[in-house]
Amino acid sequence: SMAPVVSTKSKKTLSKTGVKNIVLVDGVRTPFLQSGTTYADLMPHDLARTALQGLLNRTGIPKDAVDYIIYGTVIQEVKTSNVAREAALGAGFSDRIPAHTVTMACISSNQAMTTAVGMIAAGQCDAVVAGGVEFMSDVPIRHSRKMRKTMLSLNKAKTLGARLALLGSIRPAHLAPELPAVAEFSTEETMGHSADRLAAAFGVSRREQDEYALRSHSLAKRAQDEGLLSDVVGFKVPGKDIVSKDNGIRPSSMEQMAKLKPAFVKPHGTVTAANSSYLTDGASAVLIMSEEKALALGYKPKAYLRDFVYVSQDPKDQLLLGPSYATPKVLERSGLKLADIDVFEFHEAFAGQILSNLKAMDSDWFAKTYMGRTSKVGSPPLDKFNLWGGSLSLGHPFGATGCRLVTTVAHRLKKEGGQYGLVAACAAGGQGHAMVIEAYPQ
């Protein structure tokens, strides 16, 4: 690939010869709510539709000016398996705009955005809407495999005798339901358990984790109070009030947090409900265009979407280390150093996971032993890191977080006067992602 034109001294733009400039025009999201609260009776496409309508309202884009729509989601509602299409139709987009849904754990909406970038770069599209949705208030709970087998056979049974024989074969044990779990299929380990082991491996204490979680909630509260979370669009929930803000932001105290018992590794684990992200309902959407198209339509873009990478590691011991692997890789692609980045937005799955990644990134030993690199990439300075809160406090609807991160970087770059931002996230399966974002010249 062509080398980017970068001189870090004068902070030149990261545009590449022969590659289209691709921009983030705008991004919105529904309020992120704890599962089982005001959104409890909705369906995922209701949230996704609301985010799409918010994007239509905010950008004023004609409903047929978009070439394609892509959504990310993790736990699928069976009735709307291509939730992108159902949400797009519900939002009033032209029925001639194709839509598809992607899944890649916590980086599903990142995958939606980079797929959009790829389509635009390939010259197939000029304007793509990408987004993500997750609805944990209702998840598919299945009958057991034996029970499903019996029910499918009953469907085919021709005679009363055959039906009665099948019904007679049902045992009480067959009636136990199967619930989806936040666990790795390949290792059968829950993610919280893995996070606890990771924190132990990097020597991250319970106190450090609680302090980091408190920081996240305090920063989120301040950002909310100061009106900085401008990507949030209000939502009139049928039969309920208008929801206009995230409801999981709860700055506690170190004393209160210290009372909680470990949630996964008992009795000595360090990961608790207070220093982990919680089950969240929410949706997000962004409008991505070639710079040419955006300017032709009269838009003032918010940011350039630049280099991105996906990485993958061992899902047993390196499940949540995606940011440590992805960051040096994406910086290298961009010809940047960690010190060139003005704004960091990392997905906070667990406080222990964030702190472990910061330690891994600051370790020459880790860089040499696990990444085959000569030296460490360095740890992002906390005064540039997740300054408006993060997944621990704002909430983490699996499929929707990626767009929140990217939109927040664009807004922070503008507010703080920075030029380069970095998004990074870990994901189930031992995968990860990072993207460099460049401020659009004001």
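Predicted model: local features only at pLDDT ≥ 70, side-chain atom pairs only at ≥ 80, totals over all residues.

Q: Where is Gln34, and what does Gln34 touch?

A: Gln34 sits in strand 2 (residues 33–34). Leaving out residues up to four places away in sequence, Gln34 touches Asn247, Gly248, Arg250, Tyr278, Leu279 and Asp281.

Q: Let me zoom out. How does the radius of gyration of the protein fit a compact globule?

A: The idea is to set the value against a rule based on chain length. With 442 residues, a compact globule would come out near 22 Å, and the protein has 23 Å, so the two agree. The C-alpha atoms fill a box of roughly 80 × 55 × 45 Å along the principal axes. In secondary structure terms, there are 14 helices and 12 strands.

Q: How do I read a nonpolar core?

A: The general idea first: in soluble globular proteins, nonpolar side chains tend to be buried together. Here the largest nonpolar core has 46 residues, and Leu320, Phe346 and Leu422 touch the most other members. Helix 11 (residues 351–361) gives this core its largest share, six residues. Apart from it lies another core, of 41 residues, including Ala48, Ala91, Ile97 and Val129.

Q: Which residues does Leu422 contact, beyond its neighbours within four places in sequence?

A: Leu422 is in contact with Thr327, Val330, Ile341, Val343, Phe344, Glu345, Phe346, Val409, Ala434, Met435 and Val436.

Q: Is Arg412 buried or exposed?

A: Buried. The cut-off is under 20% relative accessible area, and Arg412 counts as buried because its value is 0%. Arg412 belongs to helix 14 (residues 401–416), and its side chain makes a polar contact with the side chain of Glu345 at 2.9 Å. Beyond residues up to four places away, Arg412 touches Asp342, Val343, Phe344, Glu345, Lys384, Phe385, Asn386, Leu387, Trp388 and Gly417.

Q: How do I check a helix, say helix 1?

A: Try its length. At 1.5 Å a residue, the 16 residues of helix 1 (residues 44–59) should span 22 Å; the end C-alpha atoms are 23 Å apart, so this agrees. Then look at cover: 12 of the 16 residues are buried, so helix 1 is mostly covered. Among the buried ones are Leu47, Ala48, Ala51, Leu52, Leu55 and Leu56. The cover over the buried residues includes strand 1 (22–29), strand 3 (68–72), helix 2 (83–91), strand 5, strand 6 (235–236) and strand 8 (280–290). Just after helix 1, Gly60 takes a positive phi of about 65°.

Q: Are Glu188 and Asn386 buried or exposed?

A: Glu188 counts as exposed, at 72% relative accessibility, while Asn386 is buried, at 0%. Glu188 lies in the loop between helix 5 (160–168) and helix 6 (191–201). The loop that holds Asn386 runs between helix 12 (364–371) and helix 13 (391–394).

Q: One more loop residue: what does Met136 touch?

A: Met136 lies in the loop between strand 5 (127–134) and helix 4 (145–156). Not counting residues up to four places away, Met136 touches Ser35, Ile75, Leu279, Thr280, Asp281 and Phe398. Its relative accessible area is 12%, so Met136 is buried. The C-alpha atoms of Met136 and Leu33 are separated by 10.0 Å, though the two residues are 103 apart along the chain.

Terms used. Residues numbered from 1 in each chain as written. Heavy atoms only, no water. Core = buried A, V, L, I, M, F, W, Y, C linked by side-chain atoms within 4.5 Å. Buried < 20%, exposed > 50% of the residue type's maximum accessible area, 1.4 Å probe, protein only. Helix = DSSP H or I, 4+ residues; strand = E, 2+ residues; numbered from the N terminus. Contact = heavy atoms within 4.5 Å. Polar contact = N/O pair within 3.5 Å; in protein donor to acceptor, adjacent residues only side chain to side chain. Rg over C-alpha atoms; globule rule 2.2 N^0.38 Å. Expected span 1.5 Å × (residues − 1).
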